[in-house]
Amino acid sequence: IKSDKLPSKVIYSIKGPGVDEEPKGIFSIDHDTGLVSLTTVLDREAKSSYKIKAYAVDETGTPLEDPTDLEIIVIDQNDNRPTFDQQYFIGHVLEGSAPGTLVMQVTASDADDPQTDNAALGYSIIGDGRGIFRIDPTTGEIRTVGVGLDREVSKEFTRTQPQ
């Protein structure tokens, strides 16, 4: 922050959320130079922006400028792993179903900023899957690939999510 008016001494201060309002103490200012600093690590998922006011006064406390609005936007980092929206997904399909039959849809979410690639999701089946199922990498829909589902040979297929 820099005042356009330059008396012998300018005293800078800031107020608002992250300064003197909850969450307190996140930002500080050098009263002589106007340099605003961060005092702790920010988490965009907890709070994505802060709106604070900056003040410039002379040695007597007389305002030299109108208060200035500052908006500090926290830029997202890819610091969250995607998680499935439920612990278990159970799908059912009739034996002998035609290729392309929908078995189920799995869903996941990511707490990172959805406006960035940090929250982009892609689905895949890990393991051989015996060539019986495929998953749409975008939607999470699981469908049969070929014919040959036979309940007497295998009544259940199980996949666990990677750790």
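A: A residue is called buried when its relative accessible area is under 20%, exposed when over 50%, and partly exposed in between, using a 1.4 Å probe and protein chains only. On that scale, 24% of the 163 residues of the protein are buried. The model is predicted, so local features need pLDDT of at least 70 and side-chain atom pairs count only at pLDDT 80 or more, while totals for chains, interfaces and linings use all residues. Residues are numbered from 1 along each chain as its sequence is written, and side-chain values use heavy atoms, with hydrogens and water left out.

N118 lies in the loop between β8 (108-109) and β9 (133-135), where strands are DSSP runs of E with at least two residues and helices are runs of H or I with at least four, numbered from the N terminus. N118 has a relative accessible area of 18% and is therefore buried. Its side chain makes a polar contact of 3.1 Å with the side chain of D76. A polar contact is a pair of N or O atoms within 3.5 Å; within protein, one must be able to donate a hydrogen and the other to accept it, and residues adjacent in sequence count only if both atoms are side-chain atoms. Apart from neighbours within four places in sequence, N118 is in contact (heavy atoms within 4.5 Å) with D76, Q77, N78, D110 and D112.

Q86 sits in the loop between β6 (83-84) and β7 (102-105). With a relative accessibility of 41%, Q86 is partly exposed. The Q86 side chain comes to 2.6 Å from the backbone oxygen of Y88. Between Q86 and A108 there are 8.1 Å from C-alpha to C-alpha, and they are 22 residues apart in sequence.

As for the background, the protein has 10 strands and zero helices. The C-alpha trace spans about 90 × 20 × 20 Å along its principal axes. The radius of gyration is 28 Å, whereas a compact globule of 163 residues would be near 15 Å; the radius is taken over C-alpha atoms, and the globule rule is 2.2 Å times the number of residues to the power 0.38. Of the contacts between residues at least 6 apart in sequence, 52% join residues at least 24 apart.
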